[in-house]
Amino acid sequence: MMKHVFLTGVPGVGKTTLVKKVCDAVVSAGGSLSGFYTEEVRERGRRVGFDVVTLTGDRGRLSRLSAQSAAGARECRVGQYLVDLQSFEGLALPLFRDMREGSKRLFVIDEIGKMELFSQAFIRAVRQTLDASSCSILGTIPVPKGKPLALVEEVRSRQDVKIFMITKENRDVIFDDIVSAVQECLK
């Protein structure tokens, strides 16, 4: 039986926009949800990093552009971005605890990506939530590229996960299918 819905697609195709629209539809139908999404941070038209934003509007730093640091320094880096693990975990991890302890049924994770996967506590929390009987996940995962990400591959291989491939061609017409799949998970 399908329990979780994940969207995948190339960066910038509209996954987060669809997640937000699906959240609005779930709330309009009387559903309860919690979780977070990631958002680009721009200064003067240039992307300088990413923030984590909770569904209630709280915001924290996920990453920022960074100059190369001294050799040997232990940093969490994805390309030119330095990941702020403390900020990410401080905002995202309590949401998982609240979800498992509360009555909310849909948990939003946008996204399970390279930056987020530096956090071992996040990985454990996602696995626990995937296995929890009381909630379903609406999430996003990256398309396979380069070295596989273990948790992303776990999600892809689960029998209780429905994955939607988002493209520029289908992103405007796939919304109803995603909402239907999420509603099915929440039954």
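The expected span of a helix is 1.5 Å times one less than its number of residues. The views below show a predicted model.

**View 1. Helix α1 and its buried face.** Helix α1 covers residues 15–28, and its 14 residues should span 20 Å at 1.5 Å a residue; the end C-alpha atoms are 20 Å apart, which agrees. The buried residues of this helix are Lys-15, Leu-18, Val-19, Val-22, Cys-23 and Val-26. Seen down the axis of α1, these residues fall within an arc of 140 degrees, so they line one face of the helix. Asp-24 and Ser-28, on the other side of α1, are exposed. The partners against which the buried residues of α1 pack are the strands β1 (4–9), β2 (33–43), β7 (106–110) and β8 (136–142), together with helix α5 (175–185). Just after α1 comes Gly-30, with a positive phi of about 90 degrees.

**View 2. Aromatic pairs around Phe-88.** The model holds six aromatic pairs. One of them joins Phe-36 and Phe-88 in an edge-to-face arrangement, with 6.0 Å from centre to centre and 80 degrees between the planes. Phe-36 belongs to strand β2 and Phe-88 to helix α2 (residues 85–101), so this pair ties together parts that are 52 residues apart in sequence. Phe-36 and Phe-88 are both buried. Phe-88 also forms an edge-to-face pair with Phe-122, at 5.3 Å centre to centre and 65 degrees between the planes. Because Phe-88 lies in helix α2 and Phe-122 in helix α3 (residues 120–131), this second pair links parts that are 34 residues apart in sequence. The relative accessibility of Phe-122 is 0%, and Phe-122 therefore counts as buried. One aromatic cluster is formed by Phe-36, Phe-88, Phe-96, Phe-107 and Phe-122.

**View 3. The largest nonpolar core and another core.** In soluble globular proteins, nonpolar side chains tend to be buried together. The largest nonpolar core of this model has 35 residues, of which Phe-36, Phe-96, Ile-109, Ile-112 and Phe-122 touch the most other members. At least two residues of this core come from each of β3 (46–54), β6 (81–83), α2, β7, α3, β8 and α4 (150–157). Helix α2 gives the largest share, seven residues. Another core, of 21 residues, lies apart from the largest one, and its members include Leu-18, Leu-138, Phe-164 and Val-179. The ring of Phe-164 has the charged end of Lys-162 over it, 5.1 Å from the ring centre.

**View 4. Thr-140 in strand β8.** Thr-140 is placed in strand β8. Its relative accessibility is 0%, so Thr-140 counts as buried. Apart from neighbours within four places in sequence, the contacts of Thr-140 are Phe-6, Leu-7, Lys-15, Val-19, Ile-109, Asp-110, Glu-111 and Ile-112. Although Thr-140 and Gly-113 are 27 residues apart in sequence, their C-alpha atoms are 8.4 Å apart in space.

View 5. Leu-151, Val-152 and Val-155 are the buried residues of α4. They cover an arc of only 100 degrees around the axis, which puts them on the same side of α4. Exposed residues Ala-150 and Ser-157 are found on the face turned away from this buried side. The buried residues of α4 pack against β1, α3, β8 and β9 (161–165). In the loop between β8 and α4 is Leu-149. Not counting residues up to four places away in sequence, Leu-149 touches Gly-113, Lys-114, Leu-117 and Pro-142. The C-alpha atoms of Leu-149 and Ser-32 are separated by 30 Å, and these residues are 117 places apart along the chain.

View 6. Most residues other than glycine have a negative phi, and most peptide bonds are trans. Asp-110 and Glu-111 are joined by a cis peptide bond, with omega at about 20 degrees. Glu-111 is situated in the loop between β7 and α3. Arg-44, a residue other than glycine, has a positive phi, near 50 degrees. The loop between β2 and β3 is where Arg-44 is found. With 82% relative accessibility, Arg-44 counts as exposed.

Note on methods
Residues are numbered from 1 along each chain as its sequence is written. This is a predicted model: local features need pLDDT of at least 70, side-chain atom pairs count only at pLDDT 80 or more; totals for chains, interfaces and linings use all residues. Side-chain values use heavy atoms; hydrogens and water are left out. Helices (H or I, at least four residues) and strands (E, at least two) are DSSP runs, numbered from the N terminus. Buried means under 20% relative accessible area, exposed over 50%, partly exposed in between (1.4 Å probe, protein chains only). The arc is that of the directions from the helix axis to the C-beta atoms. Contact means heavy atoms within 4.5 Å. Rings of Phe, Tyr and Trp (its six-membered ring) pair if their centres lie within 6.5 Å; planes under 30 degrees apart count as stacked, over 60 as edge-to-face and the rest as tilted. A charge sits over a ring if NZ of Lys or CZ of Arg is within 6 Å of the ring centre and within 35 degrees of the ring normal. A nonpolar core is a set of buried Ala, Val, Leu, Ile, Met, Phe, Trp, Tyr and Cys residues joined through side-chain atoms within 4.5 Å.
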